[in-house]
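Student: Hey, can we go through this one together? I'd like to know what to look at.
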Amino acid sequence: MAAGGRQRSPGEVASVNNKPSYLSREGLEKLRAELDEMVSTRRVEVAQRIHDAKEHGDLSENAEYEDAKNEQAFIEGRIQSLSLLIKNAIIIDAEHSTTHVQVGSTVELDGSRGRERYTIVGSAEASPAEGRISNESPVGRALLGRRTGEKVTVAVPAGDLVYTIVAIS
């Protein structure tokens with residue numbers, strides 16, 4: 001059901017599931033490797049655990065069976081998520097414009113906290129601690145399309161942050 005309790009049309013479901021996922025080639029390969037591991041190894045292991053737990057009799061009080069079923073649900077959900085990410089992957093071009101910020105750009109900023117450097121990536125590869133911010137984050141969204149020398153104001157819960165774009169690479 002969609003918000004408000006109404007039924008979603010098939011088109012609405014498809015639009016949610018077809019959201020592009022911006023990935024580097026390395027990021028896409030990591031997701032493919034994880035998917036392969038989930039399908040060929042983890043799925044088989046948990047199926048065996050469920051089989052073994054069933055052998056122990058009464059399933060209503062079998063903690064091992066419950067745990068294995070929960071793990072199976074997690075694995076199947078992760079397989080579905082990874083499959084969608086890979087299906088909707090858009091590879092970030094290593095050769096991109098240095099005149100304006102786009103997904104894949106590394107941006108050097110001057111702000112109240114001094115110089116900061118971020119690479120704009122898709123949400124699947126974001127790791128702020130490593131300087132990779134999502135194109136969907138407040139800072140990432142505010143930077144997209146901007147040029148060197150521009151001032152950018154980002155509204156965050158702690159207040160407005162003001163940055164000046166020093167360089168784009």
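Predicted model: local features only at pLDDT ≥ 70, side-chain atom pairs only at ≥ 80, totals over all residues.

Student: Okay. So what is Glu-125 in contact with, leaving aside its neighbours within four places in sequence?
Tutor: Tyr-22, Leu-23, Ser-24, Gly-27, Ile-92 and Arg-132. Glu-125 itself is found in the loop between β4 and β5.

Student: Is Glu-125 buried or exposed?
Tutor: Glu-125 is buried, yet it has no salt bridge. The nearest side chain of opposite charge belongs to Arg-132, 5.7 Å away. A salt bridge needs a nitrogen-to-oxygen distance within 4 Å.

Student: New topic: how many residues are in the largest nonpolar core?
Tutor: It has 15 residues, and Val-101, Leu-109, Leu-143, Val-154 and Ile-165 are those with the most contacts inside it.

Student: Which element gives the most to this core?
Tutor: That's β7, with 4 residues. At least two residues each come from β3, β4, α4, β6 and β7.

Student: And what does Leu-109 touch?
Tutor: Not counting residues up to four places away in sequence, its list includes Gly-114, Tyr-118, Leu-143 and Ile-165. There's also a second, separate core of 14 residues, with Leu-23 and Ile-50 among them.

Student: Last one: where is Gln-102?
Tutor: Look in the loop between β2 and β3. Gln-102 counts as partly exposed because its relative accessibility is 23%, and buried would mean under 20%.

Student: How far is the C-alpha atom of Gln-102 from that of Leu-144?
Tutor: They're separated by 5.3 Å, although the two residues are 42 apart along the chain. Leu-144 is also one of the contacts of Gln-102.

Key: Residues numbered from 1 in each chain as written. Heavy atoms only, no water. Core = buried A, V, L, I, M, F, W, Y, C linked by side-chain atoms within 4.5 Å. Buried < 20%, exposed > 50% of the residue type's maximum accessible area, 1.4 Å probe, protein only. Contact = heavy atoms within 4.5 Å. Lys, Arg positive; Asp, Glu negative; His and termini not counted.
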